[in-house]
Amino acid sequence: MAAKRKPLPFEPERQPKAMPKGSQVIPPAVANRMARRIGVATGVPSLLGMGVFIGSYLLVSRGLLDIPPVVTLASSGGLFLLGVLGLSYGVLSASWEQAPGSLLGTEQIGTNIARMKASIKAIRQGGSGA
């Protein structure tokens, strides 16, 4: 019988370590809250960015307004960039506690950034983030 060899660093583990039952990094209520905020903060600007192309096409093709292509590109690009920023806003503005927090969640941003910094610092020091 062949001797078992030690797996190479890039090989996956044969049996992944199972997390203890019931332990999750993000509670479901918090994850759902984040998903809703991300959906709104990313979805609305992205839809508006696509709407700029459609609106610009309709205005130019019907001869109602002569819109330079750079204006269409800049305005839709700005809205898509706002949608990308909405990803971070959605995560950072959500209350990470069981209580839902306020509608916009602006009071949570500072708290959540401090938590992220502390977690990153703990990971760099070899500990576990709280």
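Reader: Let's start with the second largest pocket. Which helix gives the most to its lining?

Author: Helix 1, residues 28-61, gives the most to the lining of the second largest pocket, with 4 residues. Before we go on, this is a predicted model, where local features need pLDDT of at least 70 and side-chain atom pairs count only at pLDDT 80 or more, while totals for chains, interfaces and linings use all residues. Residues are numbered from 1 along each chain as its sequence is written, and side-chain values use heavy atoms, with hydrogens and water left out.

Reader: Thanks! What counts as a pocket, and what as lining?

Author: On a 1 Å grid over the protein atoms alone, a pocket is an open set of points where a 1.4 Å probe fits, with protein on both sides within 12 Å along at least five of seven lines; lining residues have an atom within 4 Å of a point. Rolling a probe the size of a water molecule over the atoms shows where empty space is left.

Reader: Which residues line the second largest pocket, then?

Author: They are Arg36, Arg37, Val40, Ala41, Tyr89, Leu103 and Leu104. That lining divides into 5 nonpolar, no polar and 2 charged residues. Here Ala, Val, Leu, Ile, Met, Phe, Trp, Tyr, Cys and Pro count as nonpolar, Asp, Glu, Lys and Arg as charged, and the others, Gly among them, as polar.

Reader: How much space lies in that pocket?

Author: About 180 Å³. The volume is the space filled by probe spheres set on the grid points, which are joined across faces, edges and corners.

Reader: Stepping back a bit, how many helices and strands does the chain have?

Author: There are 3 helices and 0 strands, so from the N terminus on the elements run α-α-α. Helices (H or I, at least four residues) and strands (E, at least two) are DSSP runs, numbered from the N terminus.

Reader: And what share of the residues is buried?

Author: Buried residues make up 18% of the 130 in the protein chain. Buried means under 20% relative accessible area, exposed over 50%, and partly exposed in between (1.4 Å probe, protein chains only). Gly83 in helix 2 is one of the buried ones, with a relative accessible area of 2%. Its C-alpha lies 4.2 Å from that of Thr42, although Gly83 and Thr42 are 41 residues apart in sequence.

Reader: Changing topic to the surface: which residues form the nonpolar patch?

Author: Leu47, Met50, Phe53, Ile54, Tyr57, Leu58, Leu73 and Phe80 form the patch, with about 830 Å² of accessible area together. Patches are made of residues with over 30% relative accessible area and no salt bridge; like charges are joined within 9 Å, and nonpolar side chains (Val, Leu, Ile, Met, Phe, Trp, Tyr) within 5 Å. The areas come from the Shrake-Rupley method with a 1.4 Å probe, and for residues only the protein chains shown count as cover.

Reader: Which helix gives the most to that patch?

Author: Helix 1 again, with 6 residues. Helix 1 and helix 2 (69-93) each supply at least two residues.

Reader: Take Tyr57, is it buried or exposed?

Author: Tyr57, which is found in helix 1, is exposed, with a relative accessible area of 57%.

Reader: How many salt bridges does the structure hold?

Author: The structure holds 1 salt bridge, which means a side-chain nitrogen of Lys or Arg within 4 Å of a carboxyl oxygen of Asp or Glu. The side chains of Arg115 and Glu97 meet in it (2.5 Å, N to O). This pair links distant parts of the chain, with Arg115 in helix 3 (residues 106-124) and Glu97 in the loop between helix 2 and helix 3, 18 residues apart. Arg115 is partly exposed at 30% relative accessible area, and Glu97 is partly exposed at 42%.

Reader: What about Trp96, where is that?

Author: Trp96 is in the loop between helix 2 and helix 3 and counts as partly exposed, at 25% relative accessibility. Trp96 and Met34 are 62 residues apart in sequence, with 8.8 Å between their C-alpha atoms.
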